[in-house]
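Please consider the structure shown below. The briefing that follows treats helix packing, the ligand surroundings and the backbone in turn.

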Amino acid sequence: MHQLPSYLQSGISPWDVFLEQVDRVTPYLGDLTGWVETLKRPKRILIVDIPLRRDDGSIAHFEGYRVHHNTSRGPGKGGIRFHQNVTLSEVMALAGWMTVKNAAVGVPFGGAKGGVRVDPRQLSRTELERLTRRYTSEINTMIGPDKDIPAPDVNTNEQIMAWMMDTYSINQGRTVMGVVTGKPISLGGSLGRREATGRGVFVVSAAAARRLGIPLTDARVAIQGYGNVGSAAARCFHRAGARIIAIQDMSGTLYNGSGLDIAALDAWVAQGNKVAAFPGGETLAPERFWELETEFLVPAALEGQITRDNAARIRTRILAEGANGPTSPEADDILRENGVVVVPDVLANAGGVTVSYFEWVQDFSSFFWTEDEINQRLEKIMTDALAEIWAAAEQHKTSLRTATFILACRRILQARDMRGLYP
Ligand code: NAD
């Protein structure tokens with residue numbers, strides 16, 4: 001657990017990381033190289049002031065953002081983050097990764113992202129609702145079901161999506177289900193969406209393990225972050241017979257070498273208890289987490305966690321990025337030298353946006369699919385994408401991240417090229 005993400009301490013911003021990743025792919029773009037500059041400049045950025053009347057009558061101000069990174073392949077799509085450390089650079093990078101991710105799995109969206117610099121734990125429920133509604137109204141000009149479709153991210157959830165949908169709908173004078181995804185099922189949400197990102201992390205991890213001959217049964221798994229993504233991934237690994245030996249979150253690092261009882265941990269957390277205080281394991285010093293010998297390591301918290309400071313100490317076979325941007329480019333190189341297979345965020349956590357796409361399609365057609373149909377389609381899209389990216393990595397002798405960027409950036413820039421430049 002870090003007090004501050006290490007990129008904030010090192011001065012390397014998430015947007016710098018994104019630019020470096022784009023630079024690494026440029027030699028592979030051939031005729032499309034002339035368009036690469038487009039990826040280095042977000043299409044449009046909105047910075048908003050969110051005045052909030054606190055419960056005690058005072059007024060506080062918060063800064064919010066919505067960024068459209070690129071809409072060459074379709075409307076903007078990307079989550080909304082509420083966090084005390086949100087910066088414009090972070091939201092720009094997250095929007096850029098959405099552009100790449102959506103192209104990597106072939107969903108017809110561009111990339112967008114939003115955020116508010118606020119610690120939601122310091123707000124009451126009614127304050128959180130007012131903040132969400134005012135933020136939604138302030139970014140009203142940017143969003144819409146055929147324009148830009150937000151979804152949950154760190155510290156936002158189905159309830160916040162319901163308030164966003166309601167606020168947008170009231171401003172439009174009609175109910176517009178498809179303006180956000182990750183909604184409650186009762187409001188046009190999709191079955192399987194809540195677990196989709198973690199499930200997708202598991203699906204691609206398992207597919208990579210099959211290629212490397214690593215059995216899932218009894219495999220050791222360490223997960224950082226036990227929110228939406230980390231907890232869903234843990235349940236999938238656990239069901240497949242793997243052992244979750246460590247979980248690190250804001251409360252500390254929990255360890256049990258024989259495997260944590262995930263159902264008991266979920267019940268413990270549902271009662272309002274902290275992960276690290278779970279009686280079915282012991283606590284570890286935070287830095288020990290990165291040194292654990294595992295088959296799978298899943299960062300599923302925030303960006304900037306794996307840097308040159310800890311990359312060399314990582315002893316895992318497959319590092320599947322549930323979080324966006326957890327690994328710096330320098331750390332990527334160290335991991336590759338040490339034979340760690342990194343399944344990059346832009347592929348590994350694409351399950352969320354894939355089922356968001358299903359939700360958006362279902363809302364438009366007002367025809368809802370079964371959970372089985374959703375999970376099967378999700379699994380097919382993720383395993384096909386992994387196979388295609390694995391082959392590209394072998395062909396170009398690159399990391400999976402660069403291979404994902406090669407395939408995705410070609411799709412984005414081909415669309416850009418076909419559309420041409422206006423005027
Ligand atoms: P969440 O708010 O549900 O959970 C975040 C988790 O991270 C919590 O367990 C928290 O304790 C932990 N955490 C926060 N700061 C930490 C720190 N410094 N050290 C250790 N743990 C820390 O968020 P989420 O929706 O699960 O998102 C997690 C990551 O996955 C983010 O990078 C997000 O962008 C990415 N992601 C989320 C989705 C989605 O559908 N929710 C989709 C794609 C990617």
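Helix 6 and helix 7 are oblique to each other, a term for angles that are not under 35 degrees (roughly parallel), over 145 (roughly antiparallel) or 65 to 115 (roughly perpendicular). Their axes come within 7 Å and cross at roughly 50°. This is a predicted model, in which local features need pLDDT of at least 70 and side-chain atom pairs count only at pLDDT 80 or more, while totals for chains, interfaces and linings use all residues. Residues are numbered from 1 along each chain as its sequence is written, and side-chain values use heavy atoms, with hydrogens and water left out.

- Helices (H or I, at least four residues) and strands (E, at least two) are DSSP runs, numbered from the N terminus.
- Axes are lines fitted to C-alpha atoms, for helices over the stretch in contact, and angles run from 0 to 180 degrees between N-to-C directions.
- Helix 6 passes helix 7 (residues 228-239) in a right-handed crossing, in which the near helix is turned clockwise from the far one by less than a right angle.
- Contact means heavy atoms within 4.5 Å; on the helix 6 side the residues include Arg194, Thr197, Val201 and Phe202, which meet residues of helix 7 including Asn228, Ala232, Cys236 and Arg239.
- By class, this contact between helix 6 and helix 7 has seven nonpolar, four polar and five charged residues. Ala, Val, Leu, Ile, Met, Phe, Trp, Tyr, Cys and Pro count as nonpolar, Asp, Glu, Lys and Arg as charged, and the others, Gly among them, as polar.

**Other helix pairs**

- Helix 11 (residues 351-365) and helix 12 (residues 371-396) have axes 10 Å apart and pack at an angle of about 130°.
- Helix 11 and helix 12 are therefore oblique to each other, and helix 11 passes helix 12 in a right-handed crossing.
- Six nonpolar, three polar and one charged residues form the contact of helix 11 with helix 12.
- Helix 2 (residues 14-25) packs against helix 3 (residues 88-105) at an angle of about 35°, with axes 7 Å apart.
- The contact of helix 2 with helix 3 involves, among others, Trp15 and Phe18 of helix 2 and Met92 and Trp97 of helix 3.

**Ligand surroundings**

- There are 24 residues around the ligand, of which Asp153, Thr197, Tyr226, Asn228 and Asn324 come nearest; a residue counts as near if one of its heavy atoms lies within 4 Å.
- A backbone N or O atom of tyrosine 226 lies 2.8 Å from an oxygen atom of the ligand.
- Polar backbone atoms are also found 2.9 Å from a ligand oxygen in asparagine 155 and 3.0 Å from one in alanine 301.

**Backbone features**

- Tyrosine 422 and proline 423 are joined by a cis peptide bond, with omega about 0°.
- Proline 423 lies in the segment after helix 13 (400-419).
- Aspartate 218, in the loop between helix 6 (193-212) and strand 6 (220-224), has a positive phi near 70° and is a residue other than glycine.

Definitions and conventions
Polar contact = N/O pair within 3.5 Å; in protein donor to acceptor, adjacent residues only side chain to side chain.
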